[in-house]
Amino acid sequence: MANDREVLRLIWEGRLPVCFQLNSEEVCGLHTPDPFYLMVPRLSYFPLVTDKIRKHFVQYIHSDKQDSEMWLDFSGMALKWHYPIGVLYDLYSADIQLPWTITVHFDKFPEEELIHCQSREAVESYFMSCIKEADVLKHRSQVVSNMQKKDHNQLWLGLQNDKFDQFWAVNRKLMEVPGDDSFKYIPFRCYRGEEPFLQRLIKPLTEEGQRKTLLNLIEEVYPNEKVRVTTHGIEPPMDTPLQWMSEHLSYPDNFLHLCIQA
Amino acid sequence: MADNKELETQEEVNSETQSLAATEEAVTKPTNKQKIDIFLKATGNAPIMKIKKWAVPPERTIGKIIEFMRKYLHLDSKESLFLYINQAFAPSPDQTVRNLYDCYGTDGKLVLHYCKSPAWG
């Protein structure tokens, strides 16, 4: 793991310029608020970076709505707060010009499309569940369940406060491969358009003990299809070993998030 | 209770004989249309469901299953309900039964533990 640490840092430092605009139908009064520009970390989640956005826009909307849950859309598509920001960007990147213009809403929460997020605690419990699930796949849950509460907190605070060293001091334990040189299974999710994401059980090694590659994964998940794979805004070569990808290109939730295009 | 009709009842099975122990057993892959058996096990103070085994469409989400269980168990809006896989993590509400069965199904079914207060997650 340690030898390609530079990759981890580069991935961590990925940022996207976003232009937030208040939904024009919700503007109450004569003045339309200025858009709000922000550089947001690809690895974070929108509710962790949008406190300022709420503060900026809330004074321009109807007073009845000022305590409502804020939600975001891009080009008519509600943005799922529980997907990392970089995953949302990669999903819609074909239609996005930078800065990424996102519309802010306080009204008409799309119940069918989004999960409610009333507080940061909702993000925290979702994030920790993902970490636990990933560890079930990698180590049969043995690493995460042997950690202390303070380690769990450190992972969360590292992500929330954008502290690479704080996060990786604990996350390296989740990336360890004791004894054999690979995880049991590779935690990953594949996203394609508006379809529900796909998750399958895939080992990092073949029956013969050879390292499986990204191409092997795609062949197992999408047999007989030729597809392109994007993650963190790049298209990793198809011969990249899955074990290496899992250790270096996973999001902080310990999953690989792969956006699939035909 | 539209969901109630869609979830088809199957013959109840004895939970004691089908334990979680057989994690390494091969899982039969469902075809796209074939329903998946889920097995709902109460934990802690949770009320027991009279029918524990249900066949659900593979694209059904965890959120919809929680919604159905809340009605079935007559929980009021203040009561919480938590679902867990492998007694280890809470799946996301938008996660599908198909994904979970493929990754965590054992013995031809997906076991979900439920409780009214956070247990493992």
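This is a predicted model: local features need pLDDT of at least 70, side-chain atom pairs count only at pLDDT 80 or more; totals for chains, interfaces and linings use all residues.
1. Which side chain meets that of Arg228(A) in a salt bridge? The partner is Glu235(A), at 2.9 Å from N to O, where a salt bridge is a side-chain nitrogen of Lys or Arg within 4 Å of a carboxyl oxygen of Asp or Glu. Arg228(A) counts as partly exposed because its relative accessible area is 41%, and Glu235(A) is likewise partly exposed at 45%; buried means under 20% relative accessible area, exposed over 50%, and partly exposed in between, with a 1.4 Å probe and protein chains only. Glu235(A) sits in the loop between strand 7 (228–230) and helix 10 (242–248) of chain A, helices (H or I, at least four residues) and strands (E, at least two) being DSSP runs numbered from the N terminus.

2. Residues are numbered from 1 along each chain as its sequence is written, chains are lettered from A and ligands numbered from 1 in the order in which they are written, and side-chain values use heavy atoms, with hydrogens and water left out.

3. Over all chains the structure holds 19 salt bridges. One of them joins the side chains of Arg189(A) and Glu133(A) at 3.1 Å, N to O, and this pair links distant parts of the chain, since Arg189(A) is in strand 6 (residues 188–191) and Glu133(A) in helix 5 of chain A, 56 residues apart. Both Arg189(A) and Glu133(A) are buried.

4. In chain B, the side chains of Lys53(B) and Asp37(B) form a salt bridge of 3.8 Å, N to O, which connects strand 3 (residues 53–56) with strand 2 (residues 36–42) across 16 residues of sequence. Lys53(B) is buried because its relative accessible area is 13%, and Asp37(B) counts as buried at 16%. In chain A, salt bridges that share partners join Arg5(A), Arg9(A), Glu13(A) and Asp165(A) into one network.

5. Chain B as a whole has three helices and five strands, and along its sequence these follow the pattern α-β-β-β-α-β-α-β. Of its 121 residues, 45% are buried.

6. The UniProt record, an unreviewed entry, carries domain annotations for chain A, including "Autophagy protein ATG5 UblA" for residues 11–106. That span is 23% helix and 27% strand, with its end C-alpha atoms 32 Å apart. The record also lists "Autophagy protein ATG5 alpha-helical bundle region" for residues 121–176, a span that in the model is 82% helix and 0% strand, with 28 Å between its end C-alpha atoms. For residues 185–260 the annotation from the record is "Autophagy protein ATG5 UblB"; here the model has 20% helix and 16% strand, and the end C-alpha atoms lie 20 Å apart. Such annotations may be inferred rather than shown by experiment.

7. Leu155(A) lies in helix 7 (residues 149–160) of chain A and is buried, because its relative accessible area is 0%. Its C-alpha atom is separated by 6.4 Å from that of Val170(A), 15 residues apart along the chain.
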